[in-house]
Amino acid sequence: MNSKFTSIVRVVLGIVLLVFGLNKFYPLPFLPMPHLPESAASFMGSLSATGYVLPVVATLEIFIAILLLSKKWIAFALILLVPISLNILLFHLFLDIPGIGGAVLVAVLNGILIYKHWAQYRPLFN
């Protein structure tokens with residue numbers, strides 16, 4: 001479970017989540033928002049208009065990143081990330097297919113780490 005590969009995947013996923021989580025809090029994001037198709041932009045505008053959805057997601061991404069990077073409660077962090085990564089993937093699959101690369105990366109890295117930590121989840125299924 002503590003192989004070099006697993007450590008690299010964990011750190012890469014942690015950095016990605018930290019960067020994108022922090023980016024959501026800046027009024028002028030340091031990573032510019034890509035041009036989205038009209039339906040995707042409308043959806044993101046609706047989420048932003050609520051005033052709470054994007055800050056909550058950003059806070060969770062930062063929290064999960066800190067857990068992954070500090071090697072604390074990794075299995076818990078990965079389970080918290082499942083609905084977020086699934087929604088990122090589905091958003092791009094249905095509304096912005098050209099931007100799906102990053103979503104696939106997050107989902108695959110999350111899947112790899114869940115697989116590598118499966119022994120910690122096994123008691124849930126007995």
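Predicted model: local features only at pLDDT ≥ 70, side-chain atom pairs only at ≥ 80, totals over all residues.

Colleague: Which residues touch the most other members of the largest nonpolar core?

Modeller: As a general idea, nonpolar side chains in soluble globular proteins tend to be buried together. Here the largest nonpolar core has 19 residues, and Leu13, Leu17, Ile64, Leu68, Leu78 and Leu81 touch the most other members.

Colleague: Which elements give two or more residues to this core?

Modeller: They are α1 (4-23), α3 (53-70), α4 (74-95) and α5 (100-116). The largest share, six residues, comes from α4.

Colleague: What does leucine 81 touch, not counting residues up to four places away in sequence?

Modeller: Leucine 81 touches Leu13, Leu17, Ile64 and Asn110.

Colleague: Let us turn to the rings. How many aromatic pairs are there?

Modeller: Rings pair if their centres lie within 6.5 Å, and the count here comes to four aromatic pairs. In one of them, tryptophan 73 and phenylalanine 76 have ring centres 5.9 Å apart and planes at 85°, so the pair is edge-to-face. Tryptophan 73 is exposed, at 62% relative accessible area, whereas phenylalanine 76 is partly exposed at 40%.

Colleague: Why is the pair of tryptophan 118 and phenylalanine 125 stacked?

Modeller: Planes under 30 degrees apart count as stacked. The rings of tryptophan 118 and phenylalanine 125 have planes at 15° and centres 5.4 Å apart, so the pair is stacked. Tryptophan 118 is partly exposed, with 35% relative accessibility, while phenylalanine 125 is exposed at 59%. Ring pairs also link Tyr121 with Trp118 and Phe125 into a cluster.

Technical notes
Residues numbered from 1 in each chain as written. Heavy atoms only, no water. Core = buried A, V, L, I, M, F, W, Y, C linked by side-chain atoms within 4.5 Å. Buried < 20%, exposed > 50% of the residue type's maximum accessible area, 1.4 Å probe, protein only. Helix = DSSP H or I, 4+ residues; strand = E, 2+ residues; numbered from the N terminus. Contact = heavy atoms within 4.5 Å. Phe/Tyr/Trp six-rings, centres within 6.5 Å; stacked < 30°, edge-to-face > 60°.
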